[in-house]
Amino acid sequence: GWEAAQGSCSRTPPPSAMSPASPAVRVALLVGALLVLWRMFRTKKEAKHSITYVKTEARVAAILAETQRRMGGSLAYTPPGWVAPGIVNIGLFCVKSVLLSLFAKYEKQPVPTPDGADISIDWADDDVSRALAPEAPILIVLHTVTGSGPESWHFVREVPQYGWRACGFNRRG
């Protein structure tokens with residue numbers, strides 16, 4: 001179990017390419033800041049968005065009718081200037097992921113395989129995780145096809161506060 005394997009875990013520092021002083025992090029932060037500034041200060045016309053829904057759903061139709069009544073007859077919505085649109089939101093998410101991975105606290109546990117493949121488990125290693133009971137349930141977060149465990153830390157870091165032990169599984173491939 002986790003307790004037995006805990007002794008073989010070693011703290012894995014963030015890769016040097018992702019240190020706060022690295023050029024990649026500086027570029028990501030600069031791009032993110034420019035995207036936010038562009039979105040906040042660009043001139044915009046009344047960009048009204050409509051609501052699309054399945055009209056056969058009676059409950060949804062009733063909620064929207066009540067919302068329309070409370071909004072003075074219109075369901076049009078103009079987001080505030082600081083709300084990022086789609087592509088800017090993606091850029092901000094990437095910047096946030098880079099920053100969170102810099103400060104992720106985890107222990108890497110190698111998993112031996114018969115063919116010598118590189119598989120490991122990254123266990124959350126913060127104060128909340130260490131305070132959990134040994135029998136706490138475990139939530140395993142799987143990365144995307146081209147990803148790795150540290151890319152999932154925006155999920156893993158939130159789990160221990162709900163009483164679950166969290167880990168990222170780094171599979172081959």
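**Figure 1. Order of the secondary-structure elements in the predicted model.** From the N terminus on, the elements of the protein follow the order α-β-α-α-α-β-β-α-β-α-β. The model shown is predicted. In total, the protein contains six helices and five strands. Of the contacts in the protein with a separation of 6 or more, 72% are accounted for by residues 24 or more positions apart.

Figure 2. The protein has 173 residues, of which 28% count as buried.

**Figure 3. Close-up of the second largest pocket.** This pocket has a computed volume of about 150 Å³. Its lining includes Leu 100, Phe 103, Ala 104 and Lys 105. Ala 124, Asp 125 and Asp 126 also line the second largest pocket, as do Trp 153 and Arg 157. By residue class, the lining divides into five nonpolar and four charged residues, with no polar ones. Among the residues of the lining, Leu 100, Phe 103, Ala 104, Ala 124 and Trp 153 count as nonpolar, whereas Lys 105, Asp 125, Asp 126 and Arg 157 count as charged.

**Figure 4. Close-up of Gln 109 and its side-chain partner Trp 123****.** Gln 109 belongs to strand E2, which spans residues 106-111. Gln 109 counts as buried because its relative accessibility is 13%, and buried means under 20%. The side chain of Gln 109 forms a polar contact with the side chain of Trp 123, at 2.6 Å.

Terms used
Residues are numbered from 1 along each chain as its sequence is written. This is a predicted model: local features need pLDDT of at least 70, side-chain atom pairs count only at pLDDT 80 or more; totals for chains, interfaces and linings use all residues. Side-chain values use heavy atoms; hydrogens and water are left out. Helices (H or I, at least four residues) and strands (E, at least two) are DSSP runs, numbered from the N terminus. Buried means under 20% relative accessible area, exposed over 50%, partly exposed in between (1.4 Å probe, protein chains only). Contact means heavy atoms within 4.5 Å. On a 1 Å grid over the protein atoms alone, a cavity is a set of points where a 1.4 Å probe fits but cannot get out, and a pocket is an open set with protein on both sides within 12 Å along at least five of seven lines; lining residues have an atom within 4 Å of a point. Grid points are joined across faces, edges and corners, and a volume is the space filled by probe spheres set on the points. A polar contact is a pair of N or O atoms within 3.5 Å; within protein, one must be able to donate a hydrogen and the other to accept it, and residues adjacent in sequence count only if both atoms are side-chain atoms.
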